[in-house]
Amino acid sequence: MPLPPSEPLLAVEGLRVSFAGAEAVRGVSFDVHPGEVLALVGESGAGKSLTGRALLGLAPRGAAVSGRVLLRGAPVTSADLGRRLAWIPQDATASLSPVHRVDAQLAFAARTSTGRRRGAALAVARRALAEVGLAGAVASAYPHALSGGMRQRAVIAMALVNGPDLVVADEPTTALDAERRDQVLALLRERCAAAGAALLLVSHDLESVRRHADRVAVMYAGRIVELGAAEVVWGRPAAPYTRGLLASLPTAGLPHRSRLPSFEGVPRLSAVGCAFAPRCPRADALCRGEDPEPRAYGDRLVACHHPREAAA
Ligand code: SF4
């Protein structure tokens with residue numbers, strides 16, 4: 001796994017998102033480096049999808065967003081979306097228009113965002129489709145004539161058609177079975193690498209992340225609790241929440257455990273102290289009185305008063 005070079009492609013600094021005063025993302029900071037795959041993981045409601053949307057300027061109506069998002073050192077603007085930044089939303093295949101041919105839809109994206117002429121945009125669209133294995137009559141078909149897997153490929157081609165610096169993919173494979181999920185993510189990663197684009201993968205699918213991410217940021221209750229190289233965080237988790245999350249993965253020969261073992265209770269967001277304290281077996285008075293800030297712990301960042309590295 002490559003170590004990130006010093007100059008970040010994307011820098012997210014102190015991102016906060018709140019609704020009517022209630023914070024759903026609470027001061028999230030991380031970098032994405034050129035060409036890498038960074039995964040944002042956590043349970044439903046951890047704030048990972050909202051983080052992905054907010055950094056693209058796509059937070060839902062009514063959200064108050066603060067913090068800085070820099071792309072190659074300059075603030076992200078709405079003009080970056082669709083060109084330098086691409087977004088693959090949840091259930092992206094449903095966003096393909098049923099009344100337009102697939103290549104025409106990609107050509108439209110290639111024209112409106114860059115000002116290409118019609119013929120040039122169509123050529124770019126067909127090349128992007130061919131690169132994901134959709135060529136000839138298949139590229140010119142209507143979405144309903146394609147299989148689910150083909151539509152997934154078309155969505156990937158759509159994201160990459162304008163040569164973005166970064167693709168943000170929000171649970172891109174939720175509706176697929178495990179085998180197809182892995183194929184689609186492998187293709188997405190391969191095409192991003194070939195195009196020189198970094199990938200921010202928002203996912204609760206820990207198995208896929210383990211296979212496809214270079215680095216992992218684990219989120220809980222709107223904060224990043226552990227961030228580091230995937231083999232470090234997955235192999236030797238230091239935050240109690242990460243350990244619980246990994247313990248929920250199926251083990252060979254054992255039945256799949258779908259919830260965090262031994263962790264009861266709910267996040268504590270309004271009170272002082274660590275939000276994980278009601279569920280954490282290591283919680284003490286310090287945890288209940290003071291919210292831990294992310295700190296360097298060996299080769300990673302951990303937001304925990306009592307980090308302890310252990311084999312997963
Ligand atoms: S700060 Fe305390 S309660 Fe929070 S995760 Fe660490 S040990 Fe657990």
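Modeller: Start with Leu85, which stands opposite Leu166 in strand 7. Helices (H or I, at least four residues) and strands (E, at least two) are DSSP runs, numbered from the N terminus. This is a predicted model, in which local features need pLDDT of at least 70 and side-chain atom pairs count only at pLDDT 80 or more, while totals for chains, interfaces and linings use all residues. Residues are numbered from 1 along each chain as its sequence is written, and side-chain values use heavy atoms, with hydrogens and water left out.

Biologist: How many bridges join strand 6 to strand 7?

Modeller: Two strands pair if DSSP finds at least two bridges between them. Here four bridges join strand 6 to strand 7 (residues 166-170), and the two run parallel.

Biologist: In what order do the strands of that open sheet come?

Modeller: The order is 6-7-8-3-9-10-12-11, eight strands with mixed pairing. Strand 6 (85-88) and strand 11 (295-297) are at the edges with a single partner strand each, so one side of each has no neighbour in the sheet. On average, neighbouring strands of this sheet are turned by 20° against each other, direction ignored.

Biologist: Which strands does helix 5 lie across?

Modeller: Contact means heavy atoms within 4.5 Å. Axes are lines fitted to C-alpha atoms, for helices over the stretch in contact, and angles run from 0 to 180 degrees between N-to-C directions. Helix 5 (residues 178-195) lies across strand 3, strand 6, strand 7 and strand 8, at about 155° to strand 8. Helix 1 (residues 48-55) lies across strands that include strand 8 (198-203) and strand 9, and runs at about 145° to strand 8.

Biologist: What is the order of the four strands in the other open sheet?

Modeller: That order is 2-1-4-5, with antiparallel pairing. Its edge strands, strand 2 (22-32) and strand 5 (74-75), each pair on one side only. Helix 1 packs on this sheet too, touching strand 1, strand 2 and strand 4, and its direction makes about 115° with that of strand 1.

Biologist: Why is helix 8 described as largely enclosed?

Modeller: Buried means under 20% relative accessible area, exposed over 50%, partly exposed in between (1.4 Å probe, protein chains only). Six of the eight residues of helix 8 (residues 240-247) are buried, so the rest of the structure largely encloses helix 8. Among the buried ones are Pro240 and Tyr241. Their cover includes strand 3 (37-41) and helix 6 (206-212).
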